[in-house]
Amino acid sequence: MEDRPLEYDYSVTRLFMMNTIFVGIVGMLVGVILAWQMAYPELNTFLGEGLAEYTNFSRLRVLHTDSVIYGFVLSAVWASWYYIGQRVLKVSMAESRTLMILGKLHFWIYFAASAIIVVSLLMGITTSKEYAEFEWPLDLGITIIWLLWGAGIAGLIAIRREKTLYISIWYFIATFLAVAMLHLFNNLEIPTYFGSGGIGAWYHSVSMYAGTNDALVQWWFGHNAVAFVLTTPIIAMIYYFLPKESGQAIYSYKLSLLAFWGLMFVYLWAGGHHLLYSTVPDWVQTMGSVFSVILILPSWGSAINMLLTMKGEWQQVAASPLIKFMIMGSTFYMFSTLEGPIQAIKSVNAIAHFTDWIIGHVHDGALGWVGFMVVAAIYHMAPRLFNREIYSKSLMAAQFWIQTLGIVLYFTSMWIAGITQGMMWRAHDEFGNLAYSFIDTVEVLHPYFTIRAVGGTLYLIGFIMFAYNIYKTTSAREVEASELQNASPMGA
Amino acid sequence: MSIAELQAYGYVVALVFLTVALYAYIYHLYTKRKDSDGHDYEEYSNMALKDDITDTPVSEKPKKK
């Protein structure tokens with residue numbers, strides 16, 4: 001046997017990391033195209049009338065949401081899991097052949113399924129359930145991918161050297177369990193071809209729920225997809241990357257534990273806020289509102305814990321663009337977890353529902369919190385994966401400011417657009433006739449849609465700078481292991 | 001008693017139980033400060049800071065025979 005010192009194995013991390021950057025560019029580019037289409041509808045046929053079927057808003061919208069959520073974010077979550085998991089459990093994937101095989105199968109099956117999903121969505125094959133548009137064969141594939149990840153988590157935990165599971169591991173486990181449950185129950189469906197004895201396409205299916213029940217299950221799923229794809233694994237990431245990069249112990253480990261259980265207790269009940277003033281029972285709506293407001297506490301518990309971790313070390317925020325990304329991400333997390341509960345209050349929701357304010361809320365969370373944390377995670381991991389310094393610190397700083405400006409333009413324009421829409425839809429004259437028709441609101445909103453498209457474009461430009469910086473990092477100056485202890489080495 | 005009433009009572013009972021459990025856990029964390037292995041909870045932050053494969057684990061897993 002070779003007598004080499006044991007090392008962490010980052011081969012699976014590397015695959016997921018590359019996929020994150022690639023899908024990130026695609027998903028955000030589609031988002032930017034959609035934003036410009038909203039401002040200038042003639043862009044729906046930007047590749048000509050013949051291809052209009054594939055370039056119109058309704059066909060591309062689902063490609064944007066699914067590729068960003070399940071392509072970009074999940075790849076980053078898995079890159080982080082295969083990195084953080086080994087390190088905090090103090091065990092290498094290389095110690096188990098089975099784990100290596102599971103990890104690689106996890107990536108390649110996921111990669112193949114993603115390609116099929118892109119094609120099927122472009123062809124317009126969907127179940128029409130928001131964020132769960134995949135037809136039953138793909139749902140089965142997703143289940144296999146998810147179980148492969150679960151087996152990898154269980155296997156790594158089983159052979160660990162560190163007895164206690166670090167807080168990030170708890171958040172990853174929560175992500176695995178909750179999404180497994182959400183995916184299975186929301187996607188219970190009957191393949192119509194087999195159910196009807198040969199009618200329709202073989203891949204088509206209908207949901208096992210109908211009407212109000214379908215809406216309830218759908219938004220229990222939809223809101224918790226935000227919770228367990230866009231929140232808990234990102235908290236797992238910041239609880240590792242911020243302390244490690246800054247060299248500071250978490251401000252309060254106890255607070256991290258109680259914020260975890262608080263979040264688990266509260267989040268699963270908040271989905272009803274998507275169905276206010278609809279046909280679901282009134283108590284479900286009230287419960288959704290109340291739990292959404294309570295959700296501020298555990299969310300801010302984690303976010304404040306992160307900000308206080310920098311106590312006495314704020315010069316690092318000024319000095320390191322990498323830490324800037326994480327502190328700004330944590331701040332956006334606080335901001336969107338305050339904004340969400342405000343929108344979930346019934347009287348506010350009466351104005352906010354169906355307006356662009358919701359889109360603004362989603363994007364200050366997705367761009368500011370999730371996007372920035374993914375960028376920070378990859379900037380931290382890249383030098384350790386390639387044993388090289390980050391190519392350019394100044395490029396990273398420029399990216400930070402361009403993307404921050406992009407986010408600010410995005411959410412401020414959507415706030416104004418959303419509240420304007422909400423007020424115009426409600427306005428009526430003394431006899432109760434509506435004061436405005438729908439097209440009146442569209443005309444008023446045009447400038448804000450343009451500002452939003454500019455904001456999105458800035459964010460995409462920043463992301464391309466990021467991709468370039470990481471690409472150049474693979475051939476930057478080599479560094480010693482001692483330089484990789486805490487703050488990541490960066491070239492000028 | 002109808003099924004809806006049963007659900008409502010069950011809901012209230014579960015809510016009270018989980019709230020008490022959560023607050024009891026917080027009380028436990030801040031008064032005991034240490035877990036059953038005698039480790040101060042705050043020591044566990046070191047799992048992220050000292051995470052080289054050669055670093056000593058904060059609480060080592062007993063080896064199997």
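1. **Ground rules.** This is a predicted model, in which local features need pLDDT of at least 70 and side-chain atom pairs count only at pLDDT 80 or more, while totals for chains, interfaces and linings use all residues. Residues are numbered from 1 along each chain as its sequence is written, and chains are lettered from A and ligands numbered from 1 in the order in which they are written.

2. **Chain A overall.** Chain A holds 18 helices and two strands; these are DSSP runs numbered from the N terminus, with helices being H or I of at least four residues and strands E of at least two. For 492 residues, a compact globule would have a radius of gyration near 23 Å, and the 23 Å of chain A agrees. That radius is taken over C-alpha atoms, and the globule rule is 2.2 Å times the number of residues to the power 0.38. Along the principal axes, the C-alpha atoms of chain A fill a box of roughly 85 × 60 × 50 Å.

3. **Inside chain A.** Of its 492 residues, 49% count as buried. Buried asks for 20 or more other C-beta atoms within 10 Å of the residue's own, exposed for 12 or fewer, and partly exposed lies in between, with C-beta atoms placed from the backbone. Among contacts in chain A with a separation of 6 or more, 81% come from residues 24 or more positions apart. Here, a contact has C-beta atoms, placed from the backbone, within 7 Å.

4. **Chain B overall.** Chain B has two helices and zero strands. Its radius of gyration is 20 Å, well over the 11 Å from the globule rule for 65 residues, so chain B is more spread out than a compact globule. The C-alpha trace of chain B spans about 60 × 30 × 25 Å along its principal axes, and 9% of the 65 residues of chain B count as buried.

5. **Where the chains touch.** Chain A gives 26 residues to the contact and chain B gives 22. On the chain B side, the elements that supply two or more residues are helix 1 (3-32) and helix 2 (46-49). Helix 1 of chain B has the largest share, six residues. By class, the chain B side has 14 nonpolar, three polar and five charged residues. Nonpolar covers Ala, Val, Leu, Ile, Met, Phe, Trp, Tyr, Cys and Pro; charged covers Asp, Glu, Lys and Arg; the others, Gly among them, are polar.

6. In chain A, the axes of helix 6 (residues 167-186) and helix 9 (residues 232-246) come within 8 Å and cross at roughly 165°. Axes are lines fitted to C-alpha atoms, for helices over the stretch in contact, and angles run from 0 to 180 degrees between N-to-C directions. Helix 6 of chain A is therefore roughly antiparallel to helix 9 of chain A. Angles over 145 degrees count as roughly antiparallel, under 35 as roughly parallel, 65 to 115 as roughly perpendicular and the rest as oblique. The contact of these two helices divides into nine nonpolar, three polar and no charged residues.

7. **Helix 14 and its partners.** The axes of helix 11 (residues 282-294) and helix 14 (residues 321-344) of chain A come within 8 Å and cross at roughly 155°, which means that helix 11 of chain A is roughly antiparallel to helix 14 of chain A. In this contact, A:Gly288, A:Ser289, A:Ser292 and A:Val293 of helix 11 meet A:Gly340, A:Pro341 and A:Ala344 of helix 14. The axes of helix 14 and helix 17 (residues 393-426) of chain A come within 9 Å and cross at roughly 25°, so helix 14 of chain A and helix 17 of chain A are roughly parallel.

8. **Two buried residues.** A:Trp149 sits in helix 5 (residues 136-158) of chain A and counts as buried, with 24 C-beta neighbours inside 10 Å. Not counting residues up to four places away in sequence, A:Trp149 touches A:Trp78, A:His106 and A:Phe176. A:Gly418 lies in helix 17 of chain A and is buried, with 25 other C-beta atoms within 10 Å.
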